[in-house]
Amino acid sequence: MTAPTNDPTADHPTSGDPTGKAADASPRVPAHAPTSGAANAATGTRRLTVAQALVEFLAHQYTERDGRRHRLITACWGIFGHGNVAGIGQALLESGGAAARGTADGPPKLPYFQGRNEQAMVHAAVGYARQCDRLSAQAVTTSIGPGATNLVTGAALATVNRLPVLLLPGDVFATRPADPVLQQLEVPFAGDVSVNDALRPVSRYFDRVTRPEALIPAALQAMRVLADPVETGAVTLALPQDVQAEAYDWPVEFFADRVWRVPRPAPDADALADAVRAVREARRPLIVAGGGVHHSEAEEALRAFVEATGIPVAATQAGKGSLRHDHPADVGGIGHTGTATADGLARRADLVIGVGTRYTDFTTASATLFAEPGVRFVNLNIAAFDSHKLGALALVADARAGLDALREALTGHRVDAAYETGYAAAKADWERRVDAAYEAADPLAQPSQTQVLGALDALVDDSDVILNAAGSLPGDLHKLWRARSRRQYHLEYGYSCMGYEIPAAIGVKMAAPDRPVWALVGDGTYLMNPTEIVTAVQEGINITLVLIQNHGYASIGGLSQETGGERFGTDYRFRAADGTYTGEPLPVDLAANAASLGMRVLRATTVAELRTALAAARDAKAPTCVYVETKTTDTVPGAPPAQAWWDVPVAETATRPAAVAARKAYDEHAAARRRHL
């Protein structure tokens, strides 16, 4: 991250839709209103409360990359309690944030949106930031106590996925006028600990602002981390409730427009030369495209590179869509939930070129996938930490800049034609398997989950966005979904957090209001966090929910079966006479629940009804839910099974036959693990 600049004469477009559809004029992210509160010319200061000063400061923060400027913090989500209602709450009201789209006096400094669940507010902000390529973010404010601790899961998700979000939880009194106060955690050996300290390990930056003047360095550090493509994640500024309301004479320079430039560092020349040599020597190279390709907007650079060299591209969950599904070099998802094509290439690859990936265990099949004895790695990543994984030759650089440099240095080089012919044939074979999984021969039959995806696949175009995070859907989507554009496939699989999809869809729609946005959830995920349906209805944020009812935790049920757990505790059923959960399915009506929260609900019981409902939902002008109960019997065609292993430890000693057999299989797979040094 380069040093920020103050540029009060520059124009100030707002965040913007990464699709390029004139999003700078989006009513959901307005430019800030004229500064309120007069400055003292004699002292060069303005007298504001800490909360008021923070709101004013945030209204003047920008990122800039490739000459395009974006508001860094475009809105604030909030649920109020005694820890923030009279501080941040009052400041947002005074600044015009209560009218998110502005008033006759002009647009607000920081638009405010009302949430229903603190964790969900973070998910919405994270979905927004990802859609904005991390160049814009949102803030989230809560009270001290349970409101603050409810942020922890959302913060972990943001930091694991390296997506920016600013957390502004209230905190206990800094001046300790009464001790303890409501919701204060008393720690006998430390007087300065509060429940907000639970946010430290899941935040990329944490500070507790115990005096007004401490806000200045804390706020600047917070912006630095949020805008830094290497360091970004959840940033927490804990705000004691008394300090929030305390007035201070602030230097006017604190409120000057500040631009945080996001650079595109090029690779080191010597490292680049080594990487070029490795590529030229390789006979079966493979690119693994991760989320960094999207964050860097490097899709066109990747396409140009593979068209010049013929090297195939496999994608992680975060990187899917780096190439269009129909590009000849796209071989689909890689790893435990990947395609047979990609995983077959990975096993035989003598050079793996990672671009913007952090190599999770799903990608590497728990260190069993890259099996070629002499396999080497070249890792292009803006983070040195990731570049050096797997004993790789490290190219520490921006993904776009690095790919362009590699392409230029490899001019004239191309893989053997037989290699291209081979992976093209394997890709065509896999596409036939996708067609078979999607096919629904009887339109009057109850659909399977893969047939639900097939119906959606037949409907969408390049503009649609598909969101998911947990359950059995991520595996099916990674194997089967045909990504048509760079931000169509939105899978949160770094933290795989149930309950992410609905609020994240709201955030994506706020960033890209012209794109149809689909949140795909199972019944288990829906029951975790449906509350932001109310927010979507309240704000008129037109998302579509596809709610798949399969009566339990289908993904973990399958995993339990494979690992000797016999699906224990994974079905939503009544207890049987023997006390186990093997009775009839529970008589819940999730469609009725969604309707009670304000959504329009379309029920589908057959494939034909599903197709009709999906089309109607896509054209709807209000938040809509398509509810479908899927077949779950073993005779129903589904997605192809896992093409690579995933390490989930199995009981080493057991008496039940299922666990004994599972352990035997586990030991056989685990023997193939290796460390790439």
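First, my rule for rings: those of Phe, Tyr and Trp (its six-membered ring) pair if their centres lie within 6.5 Å, and planes under 30 degrees apart count as stacked, over 60 as edge-to-face and the rest as tilted. I searched the whole structure this way and got 13 aromatic pairs.

Ground rules next. I am working with a predicted model, where local features need pLDDT of at least 70, side-chain atom pairs count only at pLDDT 80 or more, and totals for chains, interfaces and linings use all residues. Residues are numbered from 1 along each chain as its sequence is written, and side-chain values use heavy atoms, with hydrogens and water left out.

**Rings**

I looked up Trp250 and Phe254 and found a stacked pair, 5.8 Å centre to centre with 20 degrees between the planes. Are these two buried or exposed? I use buried for under 20% relative accessible area, exposed for over 50% and partly exposed in between (1.4 Å probe, protein chains only). Trp250 is buried at 0%, and Phe254 is buried at 3%.

Tyr359 and Phe377 came next: their ring centres are 6.2 Å apart and the planes stand at 90 degrees, so I wrote down edge-to-face. For helices (H or I, at least four residues) and strands (E, at least two) I take DSSP runs, numbered from the N terminus. Tyr359 sits in the loop between β16 (351-355) and α12 (361-364) and Phe377 in strand β17 (residues 376-381), so this pair ties together parts 18 residues apart in sequence. Both residues are buried.

I also noted one aromatic cluster made of Phe57, Tyr248, Trp250, Phe254 and Phe255.

**Charges over rings**

My test here is NZ of Lys or CZ of Arg within 6 Å of the ring centre and within 35 degrees of the ring normal. Arg46 lies over the face of Phe255, 5.2 Å from the ring centre.

**Cavity**

On a 1 Å grid over the protein atoms alone, a cavity is a set of points where a 1.4 Å probe fits but cannot get out; a pocket is an open set with protein on both sides within 12 Å along at least five of seven lines, and lining residues have an atom within 4 Å of a point. Grid points are joined across faces, edges and corners, and a volume is the space filled by probe spheres set on the points.

The largest cavity holds about 130 Å³. I listed 16 lining residues, with Asp330, Val331, Gly332, Trp430 and Glu431 closest to the centre. Which helix gives the most to this lining? It is α15, with four residues.
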